[in-house]
Amino acid sequence: MDTVSLAKRRYTTKAYDASRRIPQATVDALLEQLRHSPSSVNSQPWHFIVADSAESKARLAKSTSQGYAYNTPKLLDASHVIVFCTRTEMTEAHLDSVLDQEAADGRFRDDQARAAQNQSRRHY
Ligand SMILES: Cc1cc2nc3c(=O)[nH]c(=O)nc-3n(C[C@H](O)[C@H](O)[C@H](O)COP(=O)(O)O)c2cc1C
């Protein structure tokens, strides 16, 4: 794949056809890519909110009313709106949950490797 050519052809969509929907398979693939985005020490300090109904998009569009009204039609007319949310705190529960998932995924040769990863992530 020639990524430079792709970068030159890409553009930011500024207006959406409200009658068109992104096929669910395409949305699923995009969300899968988001889920696999790299993060520092695999901390995954995010979650994503996906709005795909008129009601949920209208709810999110309220955030544009104060000074960003030029964005309102984009949120209302787009097939899907994804809000990128960042964690403001690295909680114990989140750190433990990431570590458990890594173990379940077979990332650690032994308990020592698991402990080292845990220590390293908490350091960073
Ligand atoms: C600081 C900043 C704020 C931006 N805010 C908006 C915005 O509110 N609405 C919008 O449609 N685009 C916004 N943009 C996106 C730009 O207009 C532009 O679309 C983007 O940088 C990608 O470039 P492109 O249009 O050549 O693809 C913003 C860009 C920057 C750098």
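Tutor: Begin with contact, which means heavy atoms within 4.5 Å. Keep in mind that this is a predicted model.

Student: How is the protein chain divided?

Tutor: Domain 1 covers 13-88, and domain 2 covers 90-124. Their centres, taken over C-alpha atoms, are 30 Å apart.

Student: How many residues of domain 1 and domain 2 are in contact?

Tutor: On the domain 1 side there are 6 residues, and they meet 10 residues of domain 2. Next, look at area. About 670 Å² is buried between domain 1 and domain 2. Carbon and sulfur atoms give 57% of that area.

Student: Which residues of domain 1 lose the most area to domain 2?

Tutor: Val41, Asn42 and Arg87. Together these three account for 69% of what the domain 1 side buries. By class, the side of domain 1 that touches domain 2 has 2 nonpolar, 3 polar and 1 charged residues.

Student: How many salt bridges does the rule find across this interface?

Tutor: The rule finds 0 salt bridges between domain 1 and domain 2. Polar contact is another matter: 5 residue pairs across the interface qualify, both residues at pLDDT 80 or more.

Student: Now the core. Which residues make up the largest nonpolar core?

Tutor: A nonpolar core joins buried residues through side-chain atoms within 4.5 Å. Here the largest one has 5 residues: Ala51, Ala61, Leu75, Ala78 and Val81.

Student: What is Leu75 in contact with, leaving aside its neighbours within four places in sequence?

Tutor: Leu75 touches Lys57, Leu60, Ala61, Thr64 and Val81. Ala61 and Val81 also belong to that core.

How values were computed
Residues numbered from 1 in each chain as written. Predicted model: local features only at pLDDT ≥ 70, side-chain atom pairs only at ≥ 80, totals over all residues. Heavy atoms only, no water. Buried < 20%, exposed > 50% of the residue type's maximum accessible area, 1.4 Å probe, protein only. Domains from an automatic or database assignment. Buried area = accessible area lost by both parts, 1.4 Å probe. Salt bridge = Lys/Arg side-chain N within 4 Å of Asp/Glu carboxyl O. Polar contact = N/O pair within 3.5 Å; in protein donor to acceptor, adjacent residues only side chain to side chain. Nonpolar A, V, L, I, M, F, W, Y, C, P; charged D, E, K, R; others polar.
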